[in-house]
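Me: I've got a new structure open and I'd like to learn how to read it. Could you walk me through some features?

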Amino acid sequence: MDKTEYVNIIEQAPVGEPERQHYFMQELREIVMERSDKLGRPLYANVTTFGCQMNAKDSEKLLGILEAAGFTASGEETSDFVIYNTCTVRDNANQRVYGRLGYLNSLKQKNPDMIVALCGCMMQEPSVVEKIKKSYRFVDLVFGTHNIFKLAELLYRQMTERHMVVDIWNGTDEIVEKLPAERKYSFKSGVNIMYGCNNFCSYCIVPYVRGRERSRNPKDIVEEVKNLVKDGVVEVMLLGQNVNSYGKTLDPPMSFAELLKMVAAVEGLERIRFMTSHPKDLSDELIRVMRDCPKVCRHLHLPLQSGSSRILSQMNRVYGKEQYLALAEKIKTEIPDISLTTDIIVGFPGETEEDFQETLDVIRRVRYDSAFTFLYSKRTGTPAAAMEDQVPEEIMKDRFERLLKEVQRISAEMSGKDVGKVMPALVEGLDDHNPGMVTGRLSNNIMVHIPGEASDIGKIIPVKLEESRGFYYMGTRLP
Ligand code: SAM
Ligand code: SF4
């Protein structure tokens, strides 16, 4: 393509979104088809996700755009376009990406036409982008979290200009909808209900890399859920960094509990999950809606972070130990079959053995079904990174081991409590280790292994829980 043709294509692009991106998907398609004709095979693309469900959801959008632009999904080694959707919540997430980049460089040396792209949370850190520009020159495209919807336009630029394209936005109020997405599962799907976070927990980098909280319009959410159901989805997971503050900035404002009722009214939808709930905003109204609506799954992820009120205050979590315990108690009383899970950080600056004992005390009293445990990771730019009394690594690791043991002991006890009961399970896939078996997910988020075959995937079937294996059950099917 000559320069004038390229300039014309850019100038003729619609200004509004998502029309602009559909236009670039079409333009990109022509380039992809041309290359693929020359090679005598499709052009392959791979999206690798690091991090949380939000990133997994973004990756489905990235793959949807790539497929609309003519690429065929494939593995990393065989792909002509590879994109890493990165996470930066803890430093080890960054280190994993740098490690994998070395491997990508070796792939690119074998296939110099391969295009390498990086996007997501880690790219919102200026020091990371500087390092990539300086030390990872083989990377072709870099963008952040706010302009993920622009993949087609940015890739079009890269494929026509043929030099490193970097486009990082500091923030946005924009929510671009109605772009293609390639779902990983046919029967379940994440649905973003909000973006960003306003909580500024003192250890956390998310508000800096994901920007201010923005709620989606409830009508758009319900329409998306209806379309998913038409497409065969029976379970949705409503996604946000703090779903309990959903709708506060909408005009008129509405609560997350109200949204939940609207989503539950969608005919054909069988199950609703949501992530994540901040304990400070979890309302009685939400507990009632969860209790009274059979479609809402019996699982609540309620991050504790620490059991010490002193540390919680330093973390800017806006609740104390007693308040958290009272909330957990209220939830268990109202919804006795609920499964509670949590996130815990050990080694936050200034954490003493007494503070740590408070955390152990909470986990023994709440008795979580499971918990994600994290070593505190210092994130540059967060208030906690500048705090004195950073906890030495050996002490952190020792506490981590003790915490993990306790969490696992309680989990194993909790998992046994439903043996003998009959519960519906959504069959999610074949059991890789046992031919003739499938794995299903119970409403309370615990997995069960049952006899079955590929045609069961996506169905909700009644299962008798025969035996607990610590973190999952072995079950039989009922006729
Ligand atoms: N918004 C959610 C919340 O508040 O619970 C979760 C967001 S974050 C991606 C998931 C978990 O990572 C947090 O709950 C916290 O336990 C952990 N986390 C965040 N920052 C961390 C840090 N600097 N070091 C260790 N763990 C961290
Ligand atoms: Fe991070 Fe706190 Fe926001 Fe969760 S609520 S994303 S931990 S700042």
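Reply: Let's take the ligands, a pocket, a salt bridge and some backbone details in turn. One thing before we start: this is a predicted model, where local features need pLDDT of at least 70, side-chain atom pairs count only at pLDDT 80 or more, and totals for chains, interfaces and linings use all residues. Residues are numbered from 1 along each chain as its sequence is written, chains are lettered from A and ligands numbered from 1 in the order in which they are written, and side-chain values use heavy atoms, with hydrogens and water left out.

Me: Which residues come nearest to ligand 1?

Reply: A residue is near a molecule if one of its heavy atoms lies within 4 Å of it. There are 15 residues around ligand 1, and Gln-241, Pro-303, Gln-305, Asp-343 and Ser-377 come nearest. By class the shell holds 7 nonpolar, 4 polar and 4 charged residues. Here Ala, Val, Leu, Ile, Met, Phe, Trp, Tyr, Cys and Pro count as nonpolar, Asp, Glu, Lys and Arg as charged, and the others, Gly among them, as polar. Strands β13 (339–346) and β14 (370–375) each supply at least two residues of this shell; strands (E, at least two residues) and helices (H or I, at least four) are DSSP runs, numbered from the N terminus.

Me: What lies 2.6 Å from an oxygen atom of ligand 1?

Reply: That's an N or O atom in the side chain of Asp-343. For a polar contact with a ligand, look for a pair of N or O atoms within 3.5 Å. Arg-90 has a polar side-chain atom 3.0 Å from a ligand 1 oxygen, while at Ser-377 a backbone N or O atom sits 2.8 Å from a nitrogen of ligand 1.

Me: And what surrounds ligand 2?

Reply: Its shell includes Cys-197, Cys-201, Cys-204, His-278 and Arg-317, and also Gln-241. The classes here are 7 nonpolar, 3 polar and 1 charged.

Me: How many residues line the second largest pocket?

Reply: Rolling a probe the size of a water molecule over the atoms shows where empty space is left. On a 1 Å grid over the protein atoms alone, a pocket is an open set of points where a 1.4 Å probe fits, with protein on both sides within 12 Å along at least five of seven lines; lining residues have an atom within 4 Å of a point. In this case 30 residues form the lining, with Lys-61, Val-176, Glu-177, Lys-178 and Glu-224 nearest the centre. Helix α8 gives the most, with 5 residues, and the lining has 10 nonpolar, 6 polar and 14 charged residues.

Me: Which residue forms a salt bridge with Lys-330?

Reply: A salt bridge is a side-chain nitrogen of Lys or Arg within 4 Å of a carboxyl oxygen of Asp or Glu. The partner is Asp-284, with the closest N and O atoms 2.8 Å apart. This pair links distant parts of the chain, 46 residues apart: Asp-284 in α10 (284–292) and Lys-330 in α12 (321–334).

Key:
A polar contact is a pair of N or O atoms within 3.5 Å; within protein, one must be able to donate a hydrogen and the other to accept it, and residues adjacent in sequence count only if both atoms are side-chain atoms.
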